[in-house]
Amino acid sequence: MLVAADKFKGSLTAVQVAERVTAGLRRAVPDVEVEALPVADGGDGTVDAAVAAGFERREVRVAGPLGHEVTAAFALRGDTAVVEMAEASGLQRLPAGVFAPLTASTYGSGELLRAALDAGVRTIVFGVGGSATTDGGAGMLSALGARFLDEDGEPVAPGGGGLADLDRVDLSGLDPRLSSVELVLASDVDNPLTGPKGAPAVYGPQKGASPDDVEALDAALAHYAKVLEAEVGPQAAGYAAAPGAGAAGGIGYGALLLGARFRAGIEVMLDVLGFAPALERAELVITGEGSLDEQTLHGKAPAGVAAAARAADKEVVAVCGRLALPPEALGRAGIRRAYPLTELEPDVAACIADAGPILERVAERIGRDFLT
């Protein structure tokens, strides 16, 4: 039995989901062998999943999205680091109820990458998602040695809004160690940098951006990409249109400028976490996340787990807080059956508040359905 589930956002971490599912299965079958492999798709929780799989947790003081210092972590094993941009620049780093769509910066994410370089790694898996920022990765690049200057030769203000004043980019000071590492951009979104499907239009509102802010940010990021063409050539425009450029407020674009290779976050993480050998040992796979819905089918962790399990001819069931997919959609994704917490507790607020105990009861039901 392999438990490979993502977090239930707002209630349980992926590690806690695995613990609760294991406890519930053992209520039904006390001697069942359970292997837990918490997973993530590159967004928040990615470092925790890596640590649960045996990576070392390294903590470092970096700038949060508003410039205040925060303690952020990356994961390290051998010559591979897993860096999660949300650790430094995520929405959870903002004070409750505070948004800063025009001024939030990814500078701290660049500091995290620099800390990974200091650790001597050869490969960096850069998980992006859950950002508070829409600065096209300019803050991150600044922390790594780039300079973004206005017409007076002064640094532009932090955040996407400041890029409207950008006149010149100097990348000559970029950390030379970047050229000797493999940088993998791990994300579950494939949006371009700008336009109707770009970072400001699609994700800006959830970061507090008004319609006027979205328009301003889209124009500023388009200007940013245009100015970068003068520094790096026409590939700057190509990167802006590439899948993943719009990930996490455009930090994907900054990563692509550094030579990153874009891959679906869950695929990268399954490789890094050692999913294939664990899958080989399993007879049944339990995956899941807080809400199984249309988004799940587009690169989220449960879909990635189910696809890999189906390719290995393994049966998959899913646990979730809320189920918004019909059985036929689950079947196409390779999931035989889903078990939502709301089947046992219809009150969504109660499900969120008591997710752990309810999930144990759900897992006990799975144990009785499949193991007895």
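In the predicted model, helix α10 (residues 265-273) lies across β4, β5, β6, β9 and β10. The helix runs at about 90° to β10. These strands belong to an open sheet of six strands with mixed pairing, in the order β3-β4-β5-β6-β9-β10. Phe74 has Val83 of β5 as its bridge partner.

Helix α9 also lies across part of this sheet, covering β6 (123-127), β9 (182-187) and β10. Relative to β9, α9 runs at about 160°. Because 11 of the 11 residues of α9 are buried, the helix is largely enclosed by the rest of the structure. The buried residues of α9 include Ala247, Gly249, Ile251, Tyr253 and Leu257. Just after α9, Gly259 takes a positive phi of about 95°.

Two residues other than glycine call for comment on their backbone angles. Most residues other than glycine have a negative phi. Ala248, although not a glycine, has a positive phi of about 50°. Ala248 lies in helix α9 (residues 247-257). Since the cut-off for burial is under 20% relative accessible area, Ala248 counts as buried at 9% relative accessibility. Asp313, likewise not a glycine, has a positive phi of about 60°. Asp313 is placed in the loop between α12 (301-311) and β12 (315-323). With a relative accessible area of 71%, Asp313 is exposed, the cut-off for which is over 50%.

Asp41 is located in the loop between β2 (35-36) and α2 (46-52). At 5% relative accessibility, Asp41 counts as buried. Leaving aside residues up to four places away in sequence, Asp41 touches Asp6, Thr46, Ala186, Ser187, Asp188, Gly265, Ile266, Gly299, Lys300 and Ala301. Among these contacts, Ala186 and Ser187 fall within β9 (182-187), while Gly265 and Ile266 fall within α10 (residues 265-273). A polar atom of the Asp41 side chain lies 3.3 Å from the backbone nitrogen of Gly43. The C-alpha atoms of Asp41 and Gly78 are separated by 21 Å, the two residues being 37 residues apart along the chain.

Conventions. Residues are numbered from 1 along each chain as its sequence is written. This is a predicted model: local features need pLDDT of at least 70, side-chain atom pairs count only at pLDDT 80 or more; totals for chains, interfaces and linings use all residues. Side-chain values use heavy atoms; hydrogens and water are left out. Helices (H or I, at least four residues) and strands (E, at least two) are DSSP runs, numbered from the N terminus. Buried means under 20% relative accessible area, exposed over 50%, partly exposed in between (1.4 Å probe, protein chains only). Contact means heavy atoms within 4.5 Å. A polar contact is a pair of N or O atoms within 3.5 Å; within protein, one must be able to donate a hydrogen and the other to accept it, and residues adjacent in sequence count only if both atoms are side-chain atoms. Two strands pair if DSSP finds at least two bridges between them. Axes are lines fitted to C-alpha atoms, for helices over the stretch in contact, and angles run from 0 to 180 degrees between N-to-C directions.
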